[in-house]
Amino acid sequence: MLALLLVLAARDTAGYWQQQVAYRITASLDEPSGVLSGRERISYVNRSPVTLHDFYVHQYLNAFRPGSRWAAADSAERRERFQHLKDPDYAFERITTAILMGEALPPDYPYAPDSTVAHWTLPRPLAPGDSLTVEIAWQARPSTLPRRQGRRGRRFDFAQWYPKVVVYDRYGWEAHPLYPAGEFYGEFASYDVMLDLPDDQVIGATGVPVEGNPGWEHAKADAQLRIDYQRDWYRSPVPAPRCADLKVGSGRKCVRFRAEQVHHFAFSLNPRYMYEEGRYGGAVVRVLYLPEDRATWGNGTAVGRTVTALAWLDSLFGTYQWPQLTNVHRIEGGGTEFPMMIMDGSASLGLIVHETGHQYLMGQLANNEWREGWLDEGFSDFQEGWFFETHTGQWQYPGLEAEMLFLDLDRWSEPVSMVSERYRDFLIYNEMVYSKAQLFYEQLRYVVGDDAMRRILRAYFARWKLKHVSEDAFREVAEQVSGQDLKWLFGQWLHGTPLIDYKLKRVERRRLPDGRWRTAVTIGRRGDGWMPVEIGDRDTLYARATGQPAEERVEFTTVRKPGRLMLDPRLRTHDYDMLNNREPRFGTGRRAVEHRLDDPTRETARRDRLVSAWMPVAWWNDFGGVTLGVRQRSNYLGRYDRGLVFGSVGTRAGATERIGFSGRWSNPIGHLTPRTETSLAAWAVEGRAGVALSVDRSLRRHLGFGADPHVGFDVLWMATTDLGYLDRRLWDDAGTVEAGPWVATTVERGQAVLRARLGVRGGVVYWNPGPGVVAANRYDVDAFERFTGEASVRAPFWLGTTLGLRLFGGAYAGASDPVRQRRIPVAGADPYATFTDPFLRSRGALLVRPDFHYHAPGNAGLRGFRSDLGGRWALAANVEVTRSVWRHDGAILRAVALEGFVDGGLVDTLAVPSSPPGRWYTALYDGGLGLVTSHRIRDLDWTMRFEVPLIVSRWDYAADPRPGEGRLAFRWQVSLAPSF
């Protein structure tokens, strides 16, 4: 193994070069203003084969202020961070003087108004092998809003703070502004840093303290600890200047750090830090945390977890190359990595393993984090997942693969190899560079095997440690160690977004003369991507196909007859349709189905099979009596091949059409359309029959922000077949055939939510059946159009309340008056909308009994009025003010709010006669109080309203009429849905 690593380490770095850089920095912090003033001397040797004419430095702190490209990206994605910060809250990094090659030259800013990259034209060319010296004076201040840096009181995270040389590599100058997506890239360098600080400050930093007091002795949690300062780690002489030459004021101190072969220097300050120390091999582990965090960070917890992480990474990659690793509790949550230092928002094991992983991936194997962020972020996610798989048995792959599959199927995924700021948005950047990249490494591990994967990681580190790395560098090592051509794998997973699907087409078995079995399997590739495909049965893997041909035949010989064969039984190929992966079987075809008793509070989904969940149901209506039935709902992946089927039988003697059926099937996995929901429904139940087809296409451009527009088209046939079930206040003996488009959108701005929907349908209505002249039956037929539109908003209001406002308009156009089921309802949902609910569907159902007042929201929404009122048109406005009085996110009862409401509108006189008579419209209004509660049991959530419409303008048409009472009276109603 060692010999192999030595051979590999010597290969394929010929011709590699990186620039030689040395920093000598002196800086002084003024705590009250938060401003650090510094001077640096940069020694730069051109090791490239190109003559240089320019010089660049990063001023990363200038990203965290108005006018930067970072701030512009935040504004574009509706994040409120730095774009409106005022002085003294925003960050800055200002160069006051600069001397290059002995000449004083002001910088220019090629990305102005962004100033995260400063540029100079060199006074004279810098030839290969030549050197130059740059001297810069500057001032820097972190922002009070922390993000990869920050300050709060006397606490400072100086993650970015000095003019940092831009990398010059094979692509040229990597002079790239800092965006939220993508991080950093630096030249390997030596650092000699002297800091003038208040005497009581405790510091954690890159490097080792070669002079001065970092404050650890006073801050140590264990008084008996003998701190290893490692002052003599770098055995070469420490160059001047020395702390003794720095004139510090009273109450201040000089602390000097040195670091070599690192590409950044970061430090953190807090006079309240506590200090603990440990060791892994030759590396000292330092931990700095706050006293109030001792229970979660102290007593060796964070030290032990950091040591554990280093030991794991040592086993994967090789020996840690630097003298120490400092883990500090930063101001911001989450974590950020720097050479020899991690800044963590917590001491959780997962966070520490991930951020410590960056000491290898980004740190010692220094990739360009904005050009190829997957080489460190996804890589560290991968090693973290492997850590938990090894140490706890928790395998992250199934959840990760399923999450990425949905992004792939909806075509949100973009190539993992993209430059960071070119992703659609920050959310997709995160998903691709972290999670999809982690999945890529898992797929590489699957293709080459665990043993080869470990050898790849160690050879990669042995060859490329303390150098800049790239995709080509990693791939070449992977190919050499595994002995495989892996360009196809890197190409598909990093540079494309293919979908993978295999079908097991045929299985042929025959018994050989010696008693063994010869099996031939024919595999069809249906997707545009491919992966090696394993073939197995319930407990045995028999063979692996290449997965590349459109059709591939694989033969294998076994001692026993194989069971029912399946492609990819370990679910490792990212095959999106596992329902066609099995050998056909009588009764179920290729599919595997898991039948189970349904849990109405949670829907079970499986990656490799259809889930069919069954449960008994019962309801009541006047005509059918007690109705008994069974509900079956099915799904694949929780979203595809969805089915919802009811079979029922009414038990009342004398009832007709007692046997009922309804079903809805949606989103077949075999006919994928990204971001589109399709459904087909059919029913013959409780005196109605029909068919519906629906298509819902999302036009959303961003998952994490912005509008969520949808367009759709519905086709519907609804017929009445048995009048005994019908509530004749709501239904005529008539049917409709109708179709039409609709558009809808939802927009969230902060806590405000705006919704709008517009729908149009046209068709024919047929009614009044009777004997025909030619045919046995005839109907009256009329063409019609139906329009509905609504818009609503809910937003924070005065005194902690929430204001809701909704506007509605609806109209029916036809030569005849609309049948009752297609009128524009005054109070709520129309009969077609409530038909799918057996508790609302038929005469005398539980929620529509005369003695029970239920409000199904919709249409004009004048909730105080009867549900059977409807006409040709309606215009309405609904206003609600709610005030939360109780909230508990973990309980079944999640929230309670008090409500006040007012509804008003103009309706057709067909719905309510005008008063006084003769007007072409009728004005209606209601108002009252209510109690709104929110509930959740596992995945099942609902809203309940109990409302008291105290005022109803036409009280004789009220939903809860009170004989002898007028406009003002006590009335009540309930609902299991929000009003809008």
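A residue counts as buried when its relative accessible area is under 20%, as exposed when that area is over 50%, and as partly exposed in between. The model discussed here is predicted. Threonine 522 has a relative accessibility of 2%, and therefore it counts as buried. Threonine 522 belongs to strand S26, which covers residues 517-525. Apart from its neighbours within four places in sequence, threonine 522 has contacts with Lys503, Leu504, Lys505, Arg506, Glu508, Glu551, Glu552 and Arg553.

Serine 131 is located in strand S7, residues 131-141. Its contacts, leaving out residues up to four places away in sequence, are with Tyr44, Val45 and Leu126.

The next topic is charge pairing. Over the whole structure, the search returns 77 salt bridges. One of them links the side chains of arginine 445 and glutamate 442, with an N to O distance of 3.4 Å. Both residues are part of helix H9 (residues 426-448), where they are three residues apart, about one turn of the helix. Are these two partners buried or exposed? Arginine 445 is buried, because its relative accessibility is 5%, and glutamate 442 is buried as well, with a relative accessible area of 2%.

Another salt bridge joins the side chains of arginine 761 and aspartate 714 at 3.3 Å, N to O. Here arginine 761 sits in strand S40 (residues 752-771) and aspartate 714 in strand S38 (residues 710-720), so the pair ties together parts that are 47 residues apart in sequence. Arginine 761 counts as partly exposed, because its relative accessibility is 22%. Aspartate 714, with a relative accessible area of 13%, is buried.

Aspartate 830 and arginine 786 form a further salt bridge through their side chains, at 3.7 Å from N to O. Aspartate 830 is in the loop between strand S43 (824-825) and helix H13 (831-834), whereas arginine 786 is in strand S41 (residues 777-796), so this pair ties together parts that are 44 residues apart in sequence. Aspartate 830 counts as buried at 10% relative accessibility, and arginine 786 counts as buried at 8%. Beyond individual pairs, salt bridges that share partners connect Arg794, Arg863, Glu880, Glu899, Asp903, Arg945 and Glu947 into one network.

Helix packing comes next. Which angle do the axes of helix H6 and helix H7 make where they cross? The axes of H6 (residues 349-357) and H7 (residues 377-392) come within 8 Å and cross at roughly 135 degrees. Angles of 65 to 115 degrees count as roughly perpendicular and those over 145 as roughly antiparallel, so H6 is oblique to H7. The crossing of H6 and H7 is right-handed. On the H6 side the contact is made by Leu349, Gly350, Val353, His354 and Gly357, and on the H7 side by Glu377, Ser380, Asp381, Gln383, Glu384, Phe387 and Phe388. Sorted by class, the contact of H6 with H7 contains four nonpolar, five polar and three charged residues.

The contact involves Trp312, Asp314, Ser315 and Leu316 of H5, together with Arg454, Leu457 and Arg458 of H10. These residues divide into three nonpolar, one polar and three charged.

The last topic is backbone geometry. Most residues other than glycine have a negative phi, and most peptide bonds are trans. The bond between alanine 112 and proline 113 is cis, with omega about 10 degrees. Proline 113 is in the loop between strand S5 (103-104) and strand S6 (117-126). The peptide bond from serine 915 to proline 916 is also cis, with omega near 5 degrees, and proline 916 lies in the loop between strand S46 (893-908) and strand S47 (921-937).

Methionine 101, which is not a glycine, has a positive phi of about 55 degrees. Methionine 101 is in the loop between strand S4 (92-100) and S5, and is buried, with a relative accessible area of 13%. Methionine 340 likewise has a positive phi, about 65 degrees. Its place is the loop between strand S21 (335-338) and strand S22 (341-344). Methionine 340 is buried, with a relative accessible area of 0%.

Key. Residues numbered from 1 in each chain as written. Predicted model: local features only at pLDDT ≥ 70, side-chain atom pairs only at ≥ 80, totals over all residues. Heavy atoms only, no water. Salt bridge = Lys/Arg side-chain N within 4 Å of Asp/Glu carboxyl O. Helix = DSSP H or I, 4+ residues; strand = E, 2+ residues; numbered from the N terminus. Buried < 20%, exposed > 50% of the residue type's maximum accessible area, 1.4 Å probe, protein only. Contact = heavy atoms within 4.5 Å. Axes fitted to C-alpha atoms, helices over the stretch in contact; angles between N-to-C directions. Parallel < 35°, antiparallel > 145°, perpendicular 65-115°, else oblique. Left-handed = near helix turned anticlockwise from the far one by under 90°. Nonpolar A, V, L, I, M, F, W, Y, C, P; charged D, E, K, R; others polar.
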